[in-house]
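Student: I have the structure open and want to go through it with you. Can we start with the ring contacts?
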Amino acid sequence: MIRHLYIHIPFCHHICPYCAFYKHQPGSLANRTFVNSILEEARISAGEFEVQPETIFFGGGTPSLLSPTLITLLCEGLRDIFDLSKIREWTLESNPATFDLKKARLFRDLGITRPSLGVQSFHPRTLSTLGRDHSADEADEAFRILGESGFDNVSIDLMFSIPGQSLQDWESDLRHAIALNPSHISCYNLTYEEDTEFMQRHKKGELDANEDRDADAFYLALSLLEQNGFAHYEISNYARPGFESLHNQAYWSGSDYLGLGPGAVSTVTNIRWKNLPDTAGYTRAVLDGKSVKTEVEHLTDEDRRIEAIALQLRTAKGLPTGYIDGLYPVDSLTQQGLIVKKGDRYCLTYEGKALADPISASLV
Ligand code: SF4
């Protein structure tokens with residue numbers, strides 16, 4: 001049974017220069033035909049697999065920019081295709097200035113429970129470095145609107161270790177976010193991804209990377225957010241008790257999930273595939289009854305083990321000991337105080353948290 005559904009809406013009004021997700025400006029493609037193609041893929045999948053979603057995640061791109069008509073068509077169409085009576089969490093990735101109060105109320109009426117607001121920073125210079133197309137005031141207003149429309153579970157995304165961002169700037173971003181009182185905050189360390197403008201500028205020496213800056217900013221977030229009642233339940237994620245993301249926890253624990261839409265990834269019983277990352281081609285193919293699956297992979301036990309180490313060691317719950325017990329680096333990592341055994345799990349220590357990725361890499 002597949003209990004987790006991801007839907008990729010690839011449209012963004014403005015393309016951020018650091019972003020490696022499949023996305024593009026809507027042009028004439030954000031239309032009924034696009035939504036109908038997602039619903040058609042959903043219908044085909046419902047015939048192929050047993051699907052009863054407990055979590056739905058509208059990601060992108062910027063799903064909140066869909067017009068009221070299109071998002072209604074999409075949500076109601078999904079309700080006709082799948083049994084949504086067991087839904088526990090329905091996330092909508094959203095950007096400031098893409099919705100007003102009326103639209104936010106519509107999101108709630110349609111069943112969405114968890115808007116995730118892409119703020120990244122409240123600092124004008126950092127927003128400008130990141131090429132964001134909204135201001136801090138617009139982010140505040142978007143958050144206020146979500147509260148007024150009745151959402152009690154709103155997540156805010158922030159980014160740190162951005163060239164030119166001082167530790168003081170980062171602290172003021174964190175304090176600003178805390179003052180808004182969201183239920184969840186994600187803090188992402190800027191990374192330079194292939195095929196992005198930021199990577200080109202990094203290669204030319206215009207944008208630097210700095211591991212000390214990464215670690216200082218990471219520990220500042222950890223300390224400030226924990227002091228303010230947020231539990232650090234995954235390296236990049238903090239939540240008030242009971243507001244941890246169910247959808248993301250399902251990914252990290254290796255559950256099956258179905259991804260619909262151009263560029264969406266699915267993993268079902270050790271088979272993983274990616275949908276054609278080409279919106280026009282995806283729409284045409286689905287409506288012509290052709291497969292949109294590309295990059296189909298059969299995951300081996302070893303693939304699953306490597307993935308579990310990479311994902312579960314990053315969580316506060318930790319990694320079941322069976323994945324790494326007896327491996328050569330485990331004793332050394334334990335003696336260095338980077339991991340610790342707690343019952344039947346290995347967890348990162350405070351010192352190990354800033355080194356999650358290299359620690360995982362040493363174990364595979
Ligand atoms: S809004 Fe989000 S998905 Fe769109 S380009 Fe920017 S970071 Fe990427």
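Tutor: A definition comes before that: a charge sits over a ring if NZ of Lys or CZ of Arg is within 6 Å of the ring centre and within 35 degrees of the ring normal. Keep in mind that this is a predicted model.

Student: OK, which ring does the charged end of R108 sit over?
Tutor: The ring of F151, and the distance from the charged end of R108 to the ring centre is 5.5 Å.

Student: And R240, which face does that lie over?
Tutor: R240 lies over the face of F230, 4.1 Å from the ring centre.

Student: How many aromatic pairs are there?
Tutor: The count comes to twelve aromatic pairs. One of them is formed by Y6 and F57, which are stacked, with 6.0 Å from centre to centre and 25 degrees between the planes.

Student: Why does that pair tie together parts that are 51 residues apart in sequence?
Tutor: Because Y6 belongs to strand β1 (residues 2-9), while F57 belongs to strand β2 (residues 51-60).

Student: Is Y6 buried or exposed?
Tutor: Y6 counts as buried, at 13% relative accessibility. F57 is buried too, with a relative accessible area of 9%.

Student: Which residues form a cluster with Y18?
Tutor: Y192 and F198; with Y18 they form one aromatic cluster.

Student: What kind of peptide bond joins G60 and G61?
Tutor: A cis one, with omega at about 15 degrees. G61 lies in the loop between β2 and α2 (68-81). As background, most peptide bonds are trans.

Student: Back to C19. How far is C19 from T191?
Tutor: They are 172 residues apart in sequence and 9.5 Å apart in space, C-alpha to C-alpha. T191 is in the loop between β6 and α7 (197-203), and T191 is partly exposed, with a relative accessible area of 43%.

Student: Changing topic: what about backbone angles? Which value does phi of N181 have?
Tutor: Phi of N181 is near 65 degrees, a positive value in a residue other than glycine. N181 is found in the loop between α6 (167-180) and β6 (184-189). Phi of N270 is also near 65 degrees.

Student: Where is N270 found?
Tutor: In the loop between β10 (265-268) and β11 (271-275). N270 is partly exposed, with a relative accessible area of 31%. For context, most residues other than glycine have a negative phi.

Student: Now the domains. Where are the bounds?
Tutor: Domain 1 covers 2-252 and domain 2 covers 305-362. Their C-alpha centres lie 28 Å apart. For contacts, eleven residues of domain 1 meet twelve residues of domain 2.

Student: What does W252 touch, leaving aside its neighbours within four places in sequence?
Tutor: W252 is in contact with Y233, E234, N237, L311, Q312 and T315. W252 lies in helix α9 (residues 246-252) and is buried, with a relative accessible area of 12%.

Student: Is L110 buried or exposed?
Tutor: L110 counts as buried, because its relative accessibility is 7% and the cut-off for buried is under 20%. L110 is found in the loop between α3 (101-109) and β4 (114-120).

Student: And which residues does L110 touch?
Tutor: Not counting residues up to four places away in sequence, L110 touches I71, T72, C75, E76, R79 and W90. From L110 to R79 the C-alpha distance is 9.7 Å, and the two are 31 residues apart in sequence.

Student: Last one: where is L355 found?
Tutor: In the loop between α13 (350-353) and α14 (356-362). L355 is partly exposed, with a relative accessible area of 37%. L355 and L338 are 17 residues apart in sequence and 8.2 Å apart in space, C-alpha to C-alpha.

Conventions: Residues are numbered from 1 along each chain as its sequence is written. This is a predicted model: local features need pLDDT of at least 70, side-chain atom pairs count only at pLDDT 80 or more; totals for chains, interfaces and linings use all residues. Side-chain values use heavy atoms; hydrogens and water are left out. Helices (H or I, at least four residues) and strands (E, at least two) are DSSP runs, numbered from the N terminus. Buried means under 20% relative accessible area, exposed over 50%, partly exposed in between (1.4 Å probe, protein chains only). Rings of Phe, Tyr and Trp (its six-membered ring) pair if their centres lie within 6.5 Å; planes under 30 degrees apart count as stacked, over 60 as edge-to-face and the rest as tilted. Domain bounds come from an automatic or database domain assignment. Contact means heavy atoms within 4.5 Å.
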